[in-house]
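Morning, everyone. Here is the model for today, and I will keep this short.

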Amino acid sequence: MINNGVCSLRTCLRFPERPLFLPSPRSFSCRRRFRTTASETNKKEKVVVISGPTGSGKSRLALELAKRLNGEIVSADSVQVYRGLDVGSAKPSPNDRKEVRHHLIDILHPSEDYSVGQFFEDARHATRRILDNGHVPIVVGGTGLYLRWFIYGKPDVPKASPDISSEAYQELAELQRNEDWDAAVQLVVKAGDPKAQFLTMNDWYRLRRSLEIIKSSGSPPSAFPVPYDSFREQGDCSLADDSASSDMNPYGDAMDETKLSELDYEFMCFFLSSQRLDLYKSIDYRCEDMLLGRDGILSEARWLLDTGLNPNSNSATKAIGYRQAMEYLLKCRQQQGESSVGEFYKFLFEFQKASRNFAKRQLTWFRNEQIYHWLDASKPLETILDFIHGSYYDRNGSLLVPEHLKMSRDISNHKEASKLKSYRTKNRHFVNGEDCSHILDWIRKTQR
């Protein structure tokens, strides 16, 4: 869609590390917020971070920005790391990846697990290489924990030896085969991690990792400080000490210079968003688009099942879209390759609802991340690009988002809340029974 000859961001959308923190006392004094000075920021290499809820257009923005800045892209997406999961993760096209080099895409088979700690190591290594080659790192994705650790650092948790990893695996292997999650949790609780009972059900990777940490260090994972928590404590102090300005602009464009000086790089972080009603419509359409064509998300889910994986059994099969598609196809297989129109539309509804709920969780998560500057994704792509490009080369040492590009973090607007409450999906492609007949035919041919 073209508006007045200008393409907006959302309408353009296509489907050895240094210490992270300088030594400092454990307690922090409260300081007023100051704008970062040029002399402070120029000492550090710049890293651009772009995030946003699913369907906001962050990948397209990152690609175009990389072309302007001679940049390379580091994916911070927990699904794009897997080979074969292209449609459901909205992976950059082969042509896009030829134009701009991408990192941390297609590095694992879906049967493998990938942790936030491993992402930190891989992403920081890629960032260092990009900078050493004279290019600009542009980290893009919507996985909040990945980005938090990438910016602030990871806990100094000991790495388990192969022997300890094997021992932890063997202790839990039979319980996992028998799907006895409760017994496995109690085993880890008795070993020394009472917080294991709060893990998401069937998150066997994190349960195993907790047992490894206990066996390696004698302490549970919670005993190791998270760098982000220290940064947040300082932020809380600065906001409390400057209550007048924080009431007007609680996250604002100003950051405490002492806090920023503790980070390895000068991170320029942007969060793209739009009005939630528009975002939800975009997500619903996007889910429909993922079901079109011969190689859509159902085809990828079929491949996952054929490799022996079950829905919700590991990182890849828990991913939104793939879990729902795998569950739907399993039901079709149990029915000898048959599916009713109603069953298909139930699957589509669950897929769309899970995607909207994920976007809502992303908005809540990043609303509390002070380092991000929120941008209105409905504005023209060129306008947003010009602003970020100009900010990257700005020597004044401050980053101020102009009013016409700002997106409010406040998602509690009563008028919008009322509209969201009455929101109902209106599909473009799948409206009646005939619209899904080709998919039901494909299921009959392939899922017997």
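Buried, in this talk, means under 20% relative accessible area, exposed means over 50%, and partly exposed lies in between, with a 1.4 Å probe and protein chains only. Helices (H or I, at least four residues) and strands (E, at least two) are DSSP runs, numbered from the N terminus.

Ground rules next. This is a predicted model, so to speak of local features we need pLDDT of at least 70, side-chain atom pairs count only at pLDDT 80 or more, and totals for chains, interfaces and linings use all residues. Residues are numbered from 1 along each chain as its sequence is written, and side-chain values use heavy atoms, with hydrogens and water left out.

Start with strand 2, residues 71-75. Of its 5 residues, 5 are buried. In a regular strand, side chains alternate between the two faces of the sheet. Here both faces are covered: G71, I73 and S75 are on one side, E72 and V74 on the other.

What does strand 2 pair with? Two strands pair if DSSP finds at least two bridges between them. Strand 4, residues 136-140, pairs with strand 2 in the parallel sense over 5 bridges. G71 stands opposite V136 there. Strand 3, residues 102-103, is also parallel to strand 2, over 2 bridges. V74 has H103 as its bridge partner in strand 3. Strand 2, helix 3 (residues 94-99) and strand 3 form a right-handed β-α-β unit. Right-handed means that, with the strands pointing away from the viewer, the path from the first strand over the helix to the second runs clockwise.

Now the rings. Phe, Tyr and Trp rings (for Trp, the six-membered one) pair if their centres lie within 6.5 Å; planes under 30 degrees apart are stacked, over 60 edge-to-face, the rest tilted. The whole structure has 17 aromatic pairs. Take Y392 and Y393: their centres are 5.1 Å apart and their planes at 85°, so the pair is edge-to-face. Y392 is buried at 13%, while Y393 is partly exposed at 42%. Ring pairs also link Y328, F344, Y345, F347, F351 and F430 into a cluster.

Charges over rings: NZ of Lys or CZ of Arg must be within 6 Å of the ring centre and within 35 degrees of the ring normal. K46 has its charged end over Y392, 5.1 Å from the ring centre. R428 does this over Y285, at 4.1 Å.

Last, cysteines. How many disulfides does a search of the whole structure find? The count is 0, with a disulfide taken as two cysteine sulfur atoms within 2.5 Å. C332 is buried at 1%, and C436 is buried at 0%.
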